[in-house]
Amino acid sequence: MGYRHFITCGVPVSYPFGYGLSYTTFQYSKPVVKATSDGFTASVTVTNTGSVPGKEVVEVYVSAPSGGLEKPARELKAFGKTKSLAPGESQTLSFSVPAYDLASFNEASSAWETAAGNYQVHFGASVEDIRATGSFPVKKPRTWAVHNVL
């Protein structure tokens, strides 16, 4: 059992995945998510809104569209850390996630599959502390066959 089970089933936990403390506060703004030929790119601007310098880890979670294979409510797909930001200073972090990283294994077809539909991208300080969102479409499903080596 892990964060994907707890967030999908709505089970409260003492310390959610990615939880951490800081001596300062941060605001997320300007989320941008764009579909690419091989997945998506995303960016978000992080601003230190506190009174002391600090660093922030931004976690990028993805929610798959309904239908197709059963998926968790959110899955971590990328993360990044800002430089030390002075009070009032901002930094934009960029992420690139390939389509293969969105896939789940389908035992019936023995292949990795990415469903078509609208994917939600969540930028957060933890799995439960989502501060900005965006979305991107996947126009057609993709499949990656595996090789039967046995």
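1. In which sense do β1 and strand β2 pair, and over how many bridges? The two pair in the antiparallel sense over 9 bridges, with β2 covering residues 39-48. K34 stands opposite T41 in β2. Strands here (E, at least two residues) and helices (H or I, at least four) are DSSP runs, numbered from the N terminus; two strands pair if DSSP finds at least two bridges between them.

2. On the source: this is a predicted model, in which local features need pLDDT of at least 70 and side-chain atom pairs count only at pLDDT 80 or more, while totals for chains, interfaces and linings use all residues. Residues are numbered from 1 along each chain as its sequence is written, and side-chain values use heavy atoms, with hydrogens and water left out.

3. The pairing of β1 with β2 belongs to an open, antiparallel sheet of 3 strands in the order β1-β2-β5. β1 and β5 each have a single partner strand and stand at the edges, so one side of each has no neighbour in the sheet. From one strand to the next, the twist averages 15° (axes are lines fitted to C-alpha atoms, for helices over the stretch in contact, and angles run from 0 to 180 degrees between N-to-C directions).

4. Strand β3 (residues 57-63) has 6 of its 7 residues buried, so the rest of the structure largely encloses it. Buried means under 20% relative accessible area, exposed over 50%, and partly exposed in between, with a 1.4 Å probe and protein chains only. β3 runs antiparallel to strand β4 (residues 75-81), joined by 6 bridges, and V60 stands opposite A78 in β4. β3 also runs antiparallel to β8, joined by 5 bridges; there Y61 stands opposite H122.

5. T24 lies in the loop between α1 (3-9) and β1 (26-36), and at 9% relative accessibility it counts as buried. Its side chain makes a polar contact with the side chain of N48 at 2.7 Å and reaches the backbone nitrogen of G50 at 3.4 Å. A polar contact is a pair of N or O atoms within 3.5 Å; within protein, one must be able to donate a hydrogen and the other to accept it, and residues adjacent in sequence count only if both atoms are side-chain atoms. Leaving aside neighbours within four places in sequence, T24 is in contact (heavy atoms within 4.5 Å) with N48, G50, S51, V52, P53 and G54.

6. A search of the whole structure gives 7 aromatic pairs. Rings of Phe, Tyr and Trp (its six-membered ring) pair if their centres lie within 6.5 Å; planes under 30 degrees apart count as stacked, over 60 as edge-to-face and the rest as tilted. The rings of F95 and F123 have centres 6.5 Å apart and planes at 40°, so this pair is tilted. F95 is in strand β5 (residues 90-97) and F123 in strand β8 (residues 117-124), so the pair ties together parts 28 residues apart in sequence. Both count as buried, F95 at 8% relative accessibility and F123 at 0%.

7. Y119 and F136 have ring centres 5.4 Å apart and planes at 15°, so they are stacked. The pair links distant parts of the chain, with Y119 in strand β8 and F136 in strand β9 (residues 130-138), 17 residues apart. Y119 is buried, with a relative accessible area of 2%, and F136 is buried, with 1%.

8. Elsewhere among the aromatics, ring pairs link Y100, F105, W112 and W144 into a cluster.
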